[in-house]
Amino acid sequence: MNRSGLTIIIVGAGKVGCTLAVRLTDEGHNIIMIDKSEDRLNDLQKNTDCMILHGSGSSHETLEEAGIADTDLFIAVTDSDELNLLCCTIAKQFNSNIATIARVRDPDYGNEIPYLRSRLAIDMIINPEFEAAACAARLLFLPAAISINTFAHGSAELVRIRLPEDNMLDGKDIAYIGKNITNNMVFVGVERGEEVFIPNGSFVLKGGDVISFVSSRKVCLGFLKAIGYNTKSVRDTLIIGGGKSAFYLADQLIKSGISVKIIEKDPKRCEYLSTMLPKATILNGDGIDSNFLEEAGIEDTDSFVALTGIDEENIMLTLHARNVSNAKVVTKINRITFTQVINSLNLGSVIYPKYITAETIISYVRARQASIGSNVEVMYLLLDGNAEAIEFKVKEESSVTGVPLKDLNIKNNVIISFISHNGKLIIPTGNDVISVGDNVMIVTTQKGFTELQDIMR
Amino acid sequence: MNYKMHLFVTGKVMIILGSLMAIPIVTGLFYQEADKVFIYIVTALVTILLGILMSIKLPVNSKIFLKDGCVITALSWVVMSVVGCIPFMLTGEIPNFTNALFETVSGFTTTGASILTEVESMSHTSLIWRSLTHWIGGMGVLVFLLAVVPMTGGTNMNLMKAESPGPSVGKLVPKVRATAKALYLIYLALTVIEIIVLICCGMPVFDSFCSAFGTAGTGGFGIKNDSFMSYSSLIQWVVTFFMILFGVNFNFYYLIVTKQIVKGFKMEEVRAYILIILGSVAVITVNIFSLYGNVKDALKHSAFQVATVITTTGFSSADFDTWPTLTKCILVMLMFVGACAGSTGGGIKVSRLIIKLKSFAKEIDSYIHPNNIKTIKMDGKPVDDGMVRSVSAYYFVFLVIFTVSLLIVSIEGHDLVTSFTAVAATINNIGPGLALVGPTANYSFMTGLSKWVLIFDMLAGRLELFPMLIFLYPGTYKKSLRSKISKLVR
């Protein structure tokens, strides 16, 4: 896996930009960060091995100085959607081989993204707010889960749940589930306190464990029902904060018939939201006021989503909601980096938009780096970043195709979670075969796989 | 403070240092100096072994904050100097510890101030080791470490920041390791070219190696008692040329190698550096014309001396102590200008002078137009206030260290010129000063106290003052030491 890294220019040293710089440097790429603020650049360089360049990402002089001609990938993640699009367009003028990624968040562009992509020749447009909302929506459809990641265009899911203390699986091993409940799923990880395990058949589960498994939605619902979970979607939700992600979330929930209440401080924003989302109830007031929340019905709501722009407020709101109601709670955290503290607070489901963006871009970078044989489709970080779940698209014959899995010499720390063959999800056994055109998902504790052959010893 | 990491990096530095002793060992074998070779082999093996023990495992927490970077750098340089002086003592060539340390620190810091009265009687083994210390110290051993030892983590830049000369350190390429590699490749290539050119000009092979090491690190140890006076004019011109080259910011060469020539020549610092050299050479040539009687010799000697002083090398092709006062004044002033930032030279650095002159102009302007807002620019880019402030602080700290050192050295009771230039020539890493410490003299007559002060000055000057100060400042360790001790007690 000792390929030399790509040269990547990132414009905008904000939350997402810096997360990307750190992650991509760790993956061995050469990062050049452009920003207008020297302070932010210096802060970044204190703990990241990347090059910094003070200037505007849309100026051709700065781009030339950054060496745009020899750059493989260009990522624009400044605050302004328009600037991001402009930067990518200018970058493309210099170097037509460069791949460009722009962040565009404003709902106004929502329907125009395919148009922009093709007209401006931008390879990828990401919308972290939209992704965060989609992530929150999935959790509200299946409130039992702590987090849900989707694979194979939604036909497979990686679901993380917490086993209650007195659950029927307490003290049972993984093989018991296979024999008595279903064998159409793969367990990929168990978190117990600070420890993380990749379980095998004889692994014994305990109450309080957080378990992750991969399966289709149907099997997942069956399994959760069998072990005593309520698998119904929520009926209503209370969203605090009326920002972009709140809009995207409300939009999706309303479309699937969930009633939505949004609390927003700014009256102008409320008016805008009520024109854009006629079916939602928009309340103008301060979400941090407990009386106001009570009036809004926090005690009876099925679910509670804290999406304000201030992380501390979101955390406090969630803790409050857990206290006064039984609602499913989802918290958005933008900036705070004290992951350990957050985990110990037991906030339930936490969404990190900056990580979602970073994951999306890193899977794109890995895919670009790989040879043509196979391609990374999506990549998620699991188990507190200790493992990666990667879905590959198999494009060509290679050493892993056409051979029964039991005859492949696969690395110890790799689990093949599913093979999607012609749209059919196969939970693999030793006799299954990977063929061209399949999607294969693996979970591994080794970082940096860029193609499927990397699983071989 | 990350003490485990301090130990780890220092261990790695010792391994590198021990391995580099292979060069004097090979030289000694060639000249059949068996007894000397034996001492070097033993020192090298012990150093490497100790280094391996110290750096056996990379600490889990490998974060190096800026203060750690400063302490590690200063610590490595002190350890390096102590280890480097052991062979001199064991071979009996410099038996006294203070003298041996002075000579080694002078070598690693690329000063070139010697306490040897009789250089030519040294063994070849020790002579090449003495010159090699210049080469190692020129680009810096930690930069070398970053180039060869794979260390992950984004905080390694703090090591490079602490060791590299100049007010700010820019990267040539995104990765620290690749930057360090590029710097060393340029350094090595230029050194090899110089060795070849010198051999072609008729210099003996051994002399060529030693002189090239001395020039490359802008050090100044000669292997002849009269430095460069007895070599041919051609060789003197070649050395002049290479000294000037090694005093240029290495970013310039990187730009040239990557075919950005126009941008390279637009670097304000390089332009100013060349202009200062040309101006000084012109004035001195006129001033010493009557001494030599012809333009050729006057030009040659003035160019050589200007190059040797501004790049802080410290060779000499003539005894400039006997030159007119104006010339001597210019040379002493050049000592305080120094070479470019990011070169192997010492001194205060041309870029600091430029920034300071520009803020001087800005200050005057602010009296004429009090509400005028003006940003200082360098290479067309704004220099932020923090940088301007740190340059001012640098000048003041420099002044304080200089004054205190001068006071202590003057206890000895030598004349002002001797004391002043001795401190100036060591803190700026030049080597020879004027009067008693002039180009034909040496530092052996000084007392132990003065030598220790000058040793500190050389290290402080090479590491750009602050790492040495932070290393010695008790507050750097206070809190973490106290917490460590209270943990132990509990």
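I took buried area as the accessible area (1.4 Å probe) that two parts lose on being put together, summed over both. The model is predicted, so I noted that local features need pLDDT of at least 70 and side-chain atom pairs count only at pLDDT 80 or more, while totals for chains, interfaces and linings use all residues. Residues are numbered from 1 along each chain as its sequence is written, chains are lettered from A in the order in which they are written, and side-chain values use heavy atoms, without hydrogens and water.

Interface. I found about 1,300 Å² buried between chain A and chain B, with 48% of that area from carbon and sulfur atoms. Of the area that chain A buries against chain B, Gln45(A), Asp49(A) and Met51(A) supply 42%, more than any other three residues. Counting contacts (heavy atoms within 4.5 Å), I have 17 residues of chain A against 13 residues of chain B.

Strands here are DSSP runs of E, at least two residues, numbered from the N terminus, and two of them pair if DSSP finds at least two bridges between them. I saw that S8(A), residues 156-162, pairs in the antiparallel sense with S7(A) over 5 bridges and with S11(A) over 6 bridges. Thr150(A) stands opposite Glu157(A), and Val159(A) has Phe213(A) as its bridge partner in S11(A). In S8(A), 5 of the 7 residues are buried (under 20% relative accessible area, 1.4 Å probe, protein chains only).

Technical notes:
Buried means under 20% relative accessible area, exposed over 50%, partly exposed in between (1.4 Å probe, protein chains only). Helices (H or I, at least four residues) and strands (E, at least two) are DSSP runs, numbered from the N terminus.
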